[in-house]
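Here's a quick walk through a two-chain model, from the contact between the chains down to a few single residues. Have the viewer open while you read.

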Amino acid sequence: MLETENYWKNKINQLTKIKEENSKSNENITRWESKVLDPWNKKNANNNDDFSTTSEIDVKTSYSPSDLQGNQDYSMPGEFPYTRGPYPNMYRGKKWTMRMFSGFGTPEDTNNRLKYLIKNGQTGLSIAFDMPTLYGYDADNDRSKGEVGKCGCNISSLEDMEVLFKEIPLNKVSTSMTINAPASILTAMYASVALKNNISLNELRGTVQTDILKEYIAQKEWAYPPKDHMRIVRDMMEYCTKEMPKWNYVSISGYHIREAGSNAAQELAFTLANGFTYLELGQKAGLKVEEFAPRLSFFFNCTMNFFEEIAKFRAARRIWATVLKEKYGVEKGSSLALRFHTQTSGASLTWQQPMNNIVRTAIEALAGVLGGTQSLHTNSYDEAWALPTEQAVKVALRTQQIIAEETGVTQSVDPLGGSYYLEHLTNELEEKAYRYFEKIDELGGVISAIEKGYLQKEIAETSYRSQLDIEKEKEVIVGVNKYAEIEEDKIEILKVDDEAQKIQINRLSDLKRKRDSEKVNEALENLRKTYENNDKNCMYDTIKAVQAYATLQEIVDVGRQVFGEWKEPQIF
Amino acid sequence: MAQKIRILVAKPGLDAHDRGVLVLCRAFRDAGMEVIYSGLLPTPEQVASIAIDEDVDVIALSLHNGAHLTAFPEVKKYLENKGVNDIAIIGGGIIPEEDKEELEKNGITGNFGPGTSMDTIINHIKKVTKKF
């Protein structure tokens, strides 16, 4: 292992030195600026005096080889540091997985939507859960009132999960579940559905998000304090490495960090910092990095600042591979290559003139593809209004299919690699990320930075500044602060009524009547003891509790009693 | 000098989409209001009791999770049960057009959607607090 004490500082010094050297040797660009550009600008003023990216990287009029001297990345796709892609032939071999996030109402409703998407050519399932499920409350709890099935599918017990995946062969699909605080429980349910259908666990492919760190930073759907949640993540890492080798048990997510208002550099840096934290968690549990690193996948946002987004994906791959190799001593190539899912930005969608969102999504999706994503969700144009209708989802899926099959952008790998501008942005984002890593380490690591509210404050600050820019029309949103119309176009939207809540409550009360309550209590009691013993892996008892038809909330409540609840630091 | 407007900002339910409310808290404070933020995950009942304890002029409620028709009127109901009628309630979030009428009927005004400027919301608050 390399000297890790001052790793970030050394990295930053190395990158700044290259830049300094560069500025000394750019005669050609200085000549062009003084002889061509400046005289031109005197006669033809620029229409703006501030050209910069979301991460406040200054953008020059044009870029040249001198911007990259000493820091030109000559690597090819599929080789270290994987800047250009994790695989040598990328989309020439396998297109990205078109994975549309869906879920609403009852498990029956979502089961029907999943089958509809499979029929229309979708290649991977992705389930959204409602708020009660995400927080670990059952449909019949008072806190769930009005929320059952509204933002996603409701799951209160294994019985619901059996309905959700009815007639879907779990050994043939790959399933992504966006669930974090109760991820261990939902994984236990998924495994139990498979076992019930005689599918063995080592055949299961898919991803559970499980990224609890970004919950405290951005999405804020937690149940327990950070350290206790991290213990459960550790248990999942151990369990899945052994029993579910094709299951990606953590999807390290920048998506929500970005949606919460951060810029590209913050999304990149905070996400990777979380990634290093999970890596250390696995190491501490005694797992070999080579064994579990390939199971860590990433999930990024893709929003409107086209080139900066593409650069972000390239920088992410380069940093991950470099740091794993140099700081953590990882050797094996497949453990170094960062793979990621992309979702276009929900926050970029406007309620006003919703059809414009089709265009936004297409541009964002194209950036995701040019950035080399392994799977992609495209948002539907009506999502600033409600959950999407089938029609709107179809347009979003077709957007991906058009990019994949009509544009030709998939033919050559990393087609923008070598662009002076893009390579420069990649380098700049890389440097900004290293500066954040250094800062986070100074604060005592990610968990400590969360407890101090540092990461949350950084995001809130960027988000507020960006809103002020929108109000001042420095940042333009077409149809909102420019080209606005008084009368809005009406569109058809999906309504989820309270019927789902009734159905779910009834199903739960039937279940509670017919299950063996002694078995439930015993399973919950065993789980309590395991939760109390930090050295014991809790996955086995979680599976037993699920299979005894203990409800989601009954299981989470045991955790709440043992671990306590989390109150976030006041950041306002 | 006129007295400062005291405002409680809250998301009454299982909804963590707090980007909007955090921005609004800052904007309200910069506009000279005294801002109390409830933190995440209060129940409607808790929101009502914070509002009473803090003696606010107005409650700004936000939900992005589709539960506004249930949760917003509940806050109102808890206030009324305690005999409090002098706290204005305004709403915002992802609220379909037809739900706005329903909320207005319950005395919850504004009901601003995405893309609304901070000035529009601040002006509305000034208007509804004048009544009291």
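How many residues does the contact take from chain B, and how many from chain A? In this predicted model, chain B puts in 27 residues and chain A puts in 31. On the chain B side, the elements giving two or more residues are helix H1 (19-30) and helix H3 (68-81) of chain B. H1(B) gives the most, with five residues. Sorted by class, that side of chain B has 14 nonpolar, nine polar and four charged residues.

**Chain B as a whole**

Chain B is built from five helices and five strands, and from the N terminus on they run β-α-β-α-β-α-β-α-β-α. Its radius of gyration is 13 Å, close to the 14 Å that the globule rule gives for 132 residues, so chain B is as compact as a globular protein of that length. Buried residues make up 51% of the 132 residues in chain B. As for contacts in chain B with a separation of 6 or more, 72% of them join residues 24 or more positions apart.

The strands of chain B make an open sheet of five, ordered S2-S1-S3-S4-S5, with parallel pairing. Strand S2 (34-37) and strand S5 (108-112) of chain B are the edge strands, each pairing on one side only. On average, neighbouring strands of this sheet are turned by 20 degrees against each other, direction ignored.

Chain A has an open sheet of five strands as well, in the order S1-S10-S9-S8-S7, and the pairing is parallel. S1 and S7 of chain A stand at the edges with a single partner strand each, so one side of each is left without a neighbour in the sheet.

Here are some of the strand pairs side by side.

| Strand pair | Sense | Bridges | A bridge pair |
|---|---|---|---|
| S7(A) and S8(A) | parallel | four bridges | A:Ile252 and A:Phe298 |
| S4(B) and S5(B) | parallel | four bridges | B:Ile90 and B:Thr109 |

Which residues cover the two faces of S7(A)? Both faces of this strand (residues 250-253) are covered: A:Val250 and A:Ile252 on one side, A:Ser251 and A:Ser253 on the other, are all buried.

Each chain also has a helix lying over a strand pair. In chain A, helix H10 (residues 264-284) lies across S7 and S8, running at about 150 degrees to S7(A). In chain B, helix H4 (residues 97-105) lies across S4 and S5, at about 155 degrees to S5(B).

**The nonpolar core**

In soluble globular proteins, nonpolar side chains tend to be buried together. In this model, the largest nonpolar core has 185 residues. The residues with the most contacts inside that core are A:Ala433, B:Ile7, B:Val9, B:Val58, B:Ile59 and B:Val75. Leaving aside neighbours within four places in sequence, A:Ala433 is in contact with A:Ala265, A:Leu268, A:Ala269, A:Leu272, A:Ala315 and A:Ile319.

Let's finish with a pair of single residues.

A:Thr83 lies in the loop between helix H2 (27-43) and strand S1 (97-98) of chain A. Buried or exposed? A:Thr83 is buried, because 26 other C-beta atoms sit within 10 Å and the cut-off for buried is 20 or more. Its contacts, leaving aside neighbours within four places in sequence, are A:Asp73, A:Ser75, A:Arg314, A:Arg317, A:Arg318 and A:Thr426. A:Thr83 and A:Asp414 are 331 residues apart in sequence, yet 9.0 Å apart in space, C-alpha to C-alpha.

A:Ala188 belongs to helix H6 (residues 183-196) of chain A. A:Ala188 counts as buried too, with 25 C-beta neighbours inside 10 Å. Not counting residues up to four places away in sequence, A:Ala188 touches A:Met539, A:Thr542, A:Ile543 and A:Val546. As for A:Ala188 and A:Leu213, they are 25 residues apart in sequence and 21 Å apart in space, C-alpha to C-alpha.

Technical notes. Residues are numbered from 1 along each chain as its sequence is written. Chains are lettered from A and ligands numbered from 1 in the order in which they are written. This is a predicted model: local features need pLDDT of at least 70, side-chain atom pairs count only at pLDDT 80 or more; totals for chains, interfaces and linings use all residues. The radius of gyration is taken over C-alpha atoms; the globule rule is 2.2 Å times the number of residues to the power 0.38. A residue is buried if 20 or more other C-beta atoms lie within 10 Å of its own, exposed if 12 or fewer, and partly exposed in between; C-beta atoms are placed from the backbone. Two residues are in contact if their C-beta atoms, placed from the backbone, lie within 7 Å. Ala, Val, Leu, Ile, Met, Phe, Trp, Tyr, Cys and Pro count as nonpolar, Asp, Glu, Lys and Arg as charged, and the others, Gly among them, as polar. A nonpolar core is a set of buried Ala, Val, Leu, Ile, Met, Phe, Trp, Tyr and Cys residues joined through C-beta atoms within 7 Å. Two strands pair if DSSP finds at least two bridges between them. Axes are lines fitted to C-alpha atoms, for helices over the stretch in contact, and angles run from 0 to 180 degrees between N-to-C directions.
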